[in-house]
Amino acid sequence: MPTASSNDLDTLVRRVDEDRWLASRFAPADVRARLIALYAVNYEIAHIGETVREPGLAEIRSHWWREAIDEIFEGRSPRPHPALLALERAVDAAPLSAAHFHQILDARRLDLEALPFKSETDLADYIDGTAGALMRLALEASGIVDGSAPVESFVRTAGFRWALTGMLRSEPIWRARGRTLLPAGVRSAFATLKAGAESSRQFAGSLPTAAFPALGYVALVPAYLGHDKIRASVPLLERQVRLIFASATGRY
């Protein structure tokens with residue numbers, strides 16, 4: 001894959017998923033490239049529900065990505081898309097699981113539904129199939145194949161806090177479009193997210209140092225929660241400082 005295409009992919013991820021991109025800067029170059037590949041593919045899948053209003057067309061695009069990803073795991077040549085070319089290199093270099101991509105694709109089909117989830121349990125399952133599955137892939141890309149209880153507990157608790165914070169931040173945008181994914185009771189979940197910070201920190205203490213580039217962005221959740229309300233954005237310098245501190249101390 002030409003260097004220019006690699007740079008373009010890195011630029012794309014920085015534009016559409018800057019917090020994960022910032023955390024990936026703490027990884028060695030080879031691991032960083034694999035993380036960028038994952039985040040680029042994840043963006044393409046998530047982007048379907050954000051841009052395609054016709055369910056039939058969205059299903060066709062989702063099926064195209066499922067087939068393209070499966071072809072790579074089957075050892076076939078990737079389709080001519082920068083994210084897929086980068087994913088092929090990642091799959092060749094690390095023990096990535098196709099099942100996690102299937103989780104993401106299956107969960108993202110719910111993005112097309114105009115109604116919110118019926119319960120917080122349904123929402124938690126959706127988050128585990130999107131943010132959680134992506135975290136597990138990122139760990140694999142970092143050479144960490146660990147299904148232990150502490151690591152899995154962190155993925156579930158921190159992944160939920162990360163994704164729910166993002167949903168709350170973007171909820172005004174979705175509601176302006178006449179849509180929402182959040183059950184009514186979750187819209188007032190600010191206090192719950194604040195209260196869950198300590199449990200995430202405790203689980204983080206059991207993570208290997210090499211996991212930080214794959215998961216460290218969750219250290220930014222407190223910044224987005226602020227003191228008394230959700231912040232739509234946080235200055236870049238503040239996020240960088242928080243990530244440096246979290247990397248040095250292990251306190252996500």
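Y252 is buried, with 8% relative accessible area, where buried means under 20%, exposed means over 50%, and partly exposed covers the range in between (1.4 Å probe, protein chains only). The model is predicted, so local features need pLDDT of at least 70 and side-chain atom pairs count only at pLDDT 80 or more, while totals for chains, interfaces and linings use all residues. Residues are numbered from 1 along each chain as its sequence is written, and side-chain values use heavy atoms, with hydrogens and water left out.

The structure holds 6 aromatic pairs. Rings of Phe, Tyr and Trp (its six-membered ring) pair if their centres lie within 6.5 Å; planes under 30 degrees apart count as stacked, over 60 as edge-to-face and the rest as tilted. F154 and Y252 make an edge-to-face pair, with 5.3 Å from centre to centre and 80 degrees between the planes. This pair links distant parts of the chain, 98 residues apart: F154 belongs to helix 8, and Y252 lies in the segment after helix 13 (236-249). Helices (H or I, at least four residues) and strands (E, at least two) are DSSP runs, numbered from the N terminus. F154 is buried, at 0% relative accessibility. W162 and Y217 also form a pair: their ring centres are 4.9 Å apart and their planes stand at 65 degrees, so the pair is edge-to-face. W162 lies in helix 8 and Y217 in the loop between helix 11 (212-215) and helix 12 (221-225), so that this pair too links distant parts of the chain, 55 residues apart. Both partners are buried, W162 with a relative accessible area of 12% and Y217 with one of 0%. One aromatic cluster is formed by F26, F154, F212 and Y252.

Rings also take part in contacts with charged groups. A charge sits over a ring if NZ of Lys or CZ of Arg is within 6 Å of the ring centre and within 35 degrees of the ring normal. R169 places its charged end over the ring of Y224, 3.8 Å from the centre, and R20 lies over the face of Y39 at 5.9 Å from the ring centre.

A nonpolar core is a set of buried Ala, Val, Leu, Ile, Met, Phe, Trp, Tyr and Cys residues joined through side-chain atoms within 4.5 Å. The largest such core has 66 residues, of which L38, L87, L96, L215 and Y252 touch the most other members. Helix 3 (residues 29-51) supplies the largest share of this core, 11 residues. Leaving aside residues up to four places away in sequence, L87 touches A37, L38, V41, I69, I72, L96 and F101, where contact means heavy atoms within 4.5 Å. Another core, of 11 residues, lies apart from the largest one and includes A107, Y126, A131 and F160. In soluble globular proteins, nonpolar side chains tend to be buried together.

The buried residues of helix 4 are A58, S62, W65, R66, A68, I69, E71 and I72, and they pack against helix 3, helix 5 (82-93) and helix 6. After helix 4 comes G75, with a positive phi near 85 degrees.

Charged pairs complete the picture. Side chains of opposite charge can pair when their charged atoms come close. The structure holds 18 salt bridges, each a side-chain nitrogen of Lys or Arg within 4 Å of a carboxyl oxygen of Asp or Glu. R109 and E59 meet in one of them, at 3.5 Å from N to O. R109 is in the loop between helix 6 (98-108) and helix 7 (120-141), while E59 is in helix 4 (residues 55-73), 50 residues apart. R109 is partly exposed at 43%, as is E59 at 36%. A salt bridge of 2.5 Å, N to O, joins E152 and R136, linking helix 8 (residues 149-176) with helix 7 across 16 residues. E152 is partly exposed, with a relative accessible area of 23%, whereas R136 counts as buried at 10%. Salt bridges that share partners join E67, E71, E74, R76 and R79 into one network. Within it, E71 and R76 meet at 3.9 Å, N to O; E71 is buried at 12%, and R76 is partly exposed at 46%.
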